[in-house]
Amino acid sequence: MEKSYCDSYLQRRDRSVIRNYRPVSLTSVVCKQMEHVIAGYLRQVWGMSGWLYEGQHGFRPGYSCESQVVTVWQDIADLLDEGVRTDAIIIDFSKAFDIVPHDRLLTKIAATGVDWRVVMRVKAFLLGRSQRVRVDGQLSEEVRVTSRVP
């Protein structure tokens, strides 16, 4: 008999199974400050070059998930008021960054005109990392991190 979606979901939520846990990285204050500086630089470069889409709400000052939802609903309401047939496709990209390979991300960042020294800093931060998880004294195997945020 096949497992139902509900059974699979409950199994993934089982707190006693180590593989259901995602690691949390404890980074230093210096590292967090560097992330902040680099993120600000990237927003500045990409903003000046017009590389960021004006509808991009994530990771931008003054924008949020809530402002994105309000914008989408307002666009839909405007179209309905105009009598325009409206279809919508909703895609959840909440885990999108988790599946982007670091080497591909670095190639794309470099192609956007970012200073090569910043690309090298991001590369040093992302590449050559590994992780493991400890739950109730049990330690998982160490695995290399080739995607996801360390």
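**Aromatic pair, nonpolar core and helix packing**

Trp51 is partly exposed, with a relative accessible area of 49%, whereas Trp46 counts as buried at 13% (buried, under 20% relative accessible area; exposed, over 50%; partly exposed, in between; 1.4 Å probe, protein chains only). The model is predicted, so local features need pLDDT of at least 70 and side-chain atom pairs count only at pLDDT 80 or more, while totals for chains, interfaces and linings use all residues. Residues are numbered from 1 along each chain as its sequence is written, and side-chain values use heavy atoms, with hydrogens and water left out.

One aromatic pair is counted (ring centres within 6.5 Å, the six-membered ring being used for Trp; planes under 30 degrees apart are stacked, over 60 edge-to-face and the rest tilted). Trp46 and Trp51 form this tilted pair, at 4.8 Å centre to centre and 45° between the planes.

The largest nonpolar core comprises 14 residues (buried Ala, Val, Leu, Ile, Met, Phe, Trp, Tyr and Cys joined through side-chain atoms within 4.5 Å). Those with the most contacts inside this core are Leu42, Trp46, Ile109, Val114, Val122 and Leu126. Two or more residues each come from helix 2 (29-48), helix 4 (102-110) and helix 5 (116-126) (helices are DSSP runs of H or I, at least four residues, numbered from the N terminus). Beyond its neighbours within four places in sequence, Val122 is in contact (heavy atoms within 4.5 Å) with Ile38, Leu106 and Ile109.

The axes of helix 4 and helix 5 come within 10 Å and cross at roughly 170° (lines fitted to C-alpha atoms over the stretch in contact; angles from 0 to 180 degrees between N-to-C directions). Helix 4 is therefore roughly antiparallel to helix 5 (an angle over 145 degrees).

Key. Angles under 35 degrees count as roughly parallel, over 145 as roughly antiparallel, 65 to 115 as roughly perpendicular and the rest as oblique.
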